Each structure stands twice: as structure tokens, then as C-alpha cells.
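My entries follow in the order I made them.

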Amino acid sequence: MASRFKEALESGKFVVTAEVGPPKGTNIEKLLHHIDLLKDRVDALNVTDNQSAVMRICSLAVCKLIKDRGGEPILQVTCRDKNRLAIQSELLGAHVLGIHNVLCLTGDHIVVGDHIDAMPVFDIDSVHLIQAVRTLEQGKDMAGNELDGPVSFCVGATATPEADPLEPQLLKFKKKVRAGINFVQTQAVYDLDKFRRFMEFARKFDRVKVLAGIVLLASVGMARYMNANVPGIFVPEEMIQELASAPKGKAIEKGIEIAARLIRTIRDEGICDGVHIMAIGREERVLDILDAAGL
Amino acid sequence: MIVAERKPFEEIKESVRAYERILVLGCGTCVSVCLAGGEREVAILASQLRMAFRLGGREVEIGELTITRQCDREYIEPIRQTAALYDVILSMACGAGVQLVAEVLEPKVVLPALNTRFIGVTEAEGVWGERCMACGDCLLAYTGGICPVTMCAKGLLNGPCGGTDHGKCEVDREKDCAWTLIYRRLEAQGRLDMIERIFEPKRFGPRLHPARVMREVYQRA
């Protein structure tokens, strides 16, 4: 089963992906508008899975909406809310709905979200999840039972290039590669020196395409909030100062400028294979970033 | 030890409101060590209850007794006659003790005065920390003596996750990231190879509850 996204990754082009966050409710008007704005400007669109442990429409349903509108979806699956049965079940479902890209994540912990008394599942971890997809592709499930029909996916994982300490993350990265990934979409990249160092390591696994995570900074407040509350995001102080230097009301324009600059540098220096743009709650601005970056 | 905490006083008082004769029953093992349900805590709770009822204009008979532990029948049987003198037993044992007392002294009403929290250790005076979740498949041999099931908030067997920052956990910036600790401990021991393999998914079979352990050689014929 071909995946348009997999073909883009293998073509050698500079790959661009973005994400849409499902709404908390059944009013999908804005969601459909964002999908239509982005689907033809990017190689694929990720759909988050109860991102930040906030309950929202399930990723699978939104991936189907994207598919029906002619876009190329990437199903994000976390280990926080579902056990191994539910996860395998979802993967089978995605396959039959024509969705063939999956991003395998551990998932933010329950406590950072809006249902703090819910049970954190974490029956399996992201490495097991990657292995599960590959097992289902071999026509068996995780318990060794035969399947009536296998799946086929382009499989991805995340990485945190700016983690400190970095070595435990690299250990984890190696496990994900061994489990069998096609691509990586990293957490937000802001410090290109740190990212270059991470890529020196990642390049050893040249079958794995790396897309640098670009998170749009809309304001100083947002940057500080993310530093304090969003796992895996570390905005450097110099960048916060750069945002602060923008004229009043123009911080987001500065944020777009910063994002575009990061993307252009990454592409011009061939630091990695593409970018994954995240503009949480401001999906319209992704187009401005793409324009400013010349993509 | 099993670590527990006393329930809020109002909750305890409310649960025994209808009774005239209350036996506060302490336990001399785990909950004595974590200062939640031993002899001294029994005395304190009994006093508080007497005062509270007196303020409400009631004279309630409150007995105090602490036994070696409430998780073994042999320490519960001898108190049968004493228990018979009371309407209710307010047990200051962990949940296991409360249940065995309720079973042995059936149909006597037995109520819990504690919330059982975890299996843990004394970290410092007045501080107890969780260490074990009784997963039934101990892998401490591979993780440098640090349990990823318990000490990692997500219980990851192939950690860390991407939320860790400067060795701290995304759940609570005061908490250490277990996988960073495991990495550093094994690095210091020259045993990083222990965590290079992919650990298989945890088998939840041993945790099917209620679980049982039987040692035939010790069972009566």
C-alpha cells in the first residue's frame, strides 16, 4: 500500500509537514478550514492524539476527514490513553480507512492535561508501539495470533534534540531505530548548534529521515508558558528577548520571522531532511511561515 | 513497609457518627513505622474523637488497643472478646489489615481510619517515598536498583520520554527523571549495556487481582 508521504520522504526533496489539533467538541468548522488551507501546501498533515492530555476528537476520525478532502494524514498515537488491544485495534482501523502514516509517541502525562484524575494507561511505551506496527505488518498481533490481513504503514517517532542531558535520549533514539522507523519529527528546535550536534549522531542512521520541529512563538508570554508547562520545549532566553524586541502587537510577526529563518538555515545547510511546523491554535499562520521561508 | 496516612479527621468522625462504643485498633508493624496507625496514633485519634463528641454533647465510649499486626489471623483471634464489647472497630491498619479484621470478626462493622498509599521506604524523618508497585516481575537487576515501573511517572521500560528536562520529570519539576537516574547509576557502575536492549512490554499477568501466593510446603495437609 503506497503512502504519498513515504514517497515524498524517499524522493530526496525537502519535506514539509504541519499539524492540526482536533477541537474539543464536535464543531469541526474551523478544523475543516485549517485542513483545506494546509493540505495542498504540505507533504502531510499530522493529527494530534489528545495533545497535552486534553480530551479532544480522536486522531483517527480527523485523519479520515483529511483523507476524504484529498490530504495526506499522519495518525499520531500515544500510549497514555489506550492499552495494547485498543492501540492495535486502532492501527487496523486506520489501515482499512486508507491511512498509512503513523507517528508513535509515549504521550504527555495525564497530569498536564484537563482530566487529572484519569488513569494513565502506558501499557506499552513508544518503542513497543513501533514494534507493534511492524509486527502487524508481518500478519501477526502482539500476542502472536495470526491476522486475517496485515497492515502497511510509514512509521515515525519523535526525538528531543535539545534535551539536557542528551545521552539518555540518544539511547532511546537508537531503540526506536532498531524497532523500525522510517522518519522522525523532532520536538521544537531553536538552537541550531545543538541541533547540528544531534544530527551528527542521527546521520549514522541514514535510512531514517529527520524533520526538524518548528514551533511558532506567538508572544513572550507563550514562550515562557511553554518553557514552564509544555514537556520537551525549551525556548532560549535570547529568542524570548528577540520576541520582546518586536513592536507592540507584532510579536507573532517576529515569531514567523524566527521560524522562517530557522527553516531557511536548515534547508540551505542541508542540516536535515525537512521540517515539521507546529502553530498550535494558529494554523492559518503556517502559510505565512511557508511563504516567508520560501517553501 | 506499607505506607499509609490517616484520613482527614472530619471523614473519620462522620463514619463513626452513629456509634456509641468505638474501638480504635492500631497496628504495630508498617503503620507504626510510618507513624500513621501505631499505639501513639491510636491514643491521639481516640482523644480527638472523645473531644469532638463531647463538644457535640455526646459521651461516647472509645477503647484503645494495638496488636502486633492486623494482617495475620493469630493476632486478631485473641481480641474477639474485647471486640464484642464495641459497636464498631475503627482500624488504623492498612487496607489489608482492615479487611482481615473484618473477615475474622464478621459480622462486626470494621471501618478504615487510614488511606493506604504505597510500598515504600523512609527517606528522612517524617518523609516516606514510594519504591515498589508489586508488579510481580522485578527487573531491578537491569536498572541499577532503580525501579522504572514505580519511579518513572509513566512506568516506561524503555525510557526516558521526551518530557524530561535537566534530569527532572515533566509531571513535577521537583521529581527526578527515573531514567536519567538509571542511566547515571549504570554509567557509574560501568554497566550501561544493561539498558541497551529493548525491554519487552510488561506482562500484567502477575498483577491480575486479587492475586495469591501459595507455598505448598508450608500448607497444612
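**Entry 1: a helix pair in chain A**

I started with helix H8 (residues 220–229) of chain A and helix H9 (residues 237–244) of chain A, which pack at an angle of about 155 degrees with their axes 9 Å apart. The model is predicted. Angles over 145 degrees count as roughly antiparallel, so H8(A) is roughly antiparallel to H9(A).

Next I listed the residues that make this contact. H8(A) brings Val220(A), Ala223(A) and Arg224(A). H9(A) brings Ile240(A), Leu243(A) and Ala244(A). By class I noted five nonpolar, no polar and one charged.

**Entry 2: where the chains touch**

I then turned to the contact between chain A and chain B. It takes 29 residues from chain A and 23 residues from chain B. Which elements of chain A give two or more residues to the side that touches chain B? I found helix H5 (126–137) and helix H6 (167–179) of chain A. H6(A) provides the largest share of that side, eight residues. I also sorted the side of chain A that touches chain B by class: 13 nonpolar, eight polar and eight charged residues.

**Entry 3: the sheet in chain B**

I moved to chain B and traced an open sheet of four strands. I read the order as E3-E2-E4-E5 (chain B), with parallel pairing. Which strands are at the edges? They are strand E3 (61–67) and strand E5 (109–112) of chain B, and each pairs on one side only. I noted an average twist of 25 degrees from one strand to the next.

I looked at one pair in detail. Strand E2 (residues 21–27) of chain B pairs with E3(B) in the parallel sense, over seven bridges. For Ile22(B), I found Ile62(B) as the bridge partner in E3(B).

**Entry 4: helices on the sheet**

I checked which helices lie against these strands. Helix H3 (residues 39–55) of chain B lies across E2 and E3 of chain B. H3(B) runs at about 170 degrees to E3(B). Helix H6 (residues 95–104) of chain B also packs on the sheet. H6(B) touches E2, strand E4 (88–91) and E5 of chain B. I noted that the direction of H6(B) makes about 175 degrees with that of E5(B).

**Entry 5: domains of chain B**

Last, I looked up the domain assignment of chain B. It gives domain 1 (2–118) and domain 2 (134–207). How far apart do the C-alpha centres of domain 1 and domain 2 of chain B lie? I noted 38 Å.

Note on methods:
Residues numbered from 1 in each chain as written. Chains lettered and ligands numbered in written order. Predicted model: local features only at pLDDT ≥ 70, side-chain atom pairs only at ≥ 80, totals over all residues. Domains from an automatic or database assignment. Axes fitted to C-alpha atoms, helices over the stretch in contact; angles between N-to-C directions. Parallel < 35°, antiparallel > 145°, perpendicular 65-115°, else oblique. Contact = placed C-beta atoms within 7 Å. Nonpolar A, V, L, I, M, F, W, Y, C, P; charged D, E, K, R; others polar. Pairing = 2+ DSSP bridges.
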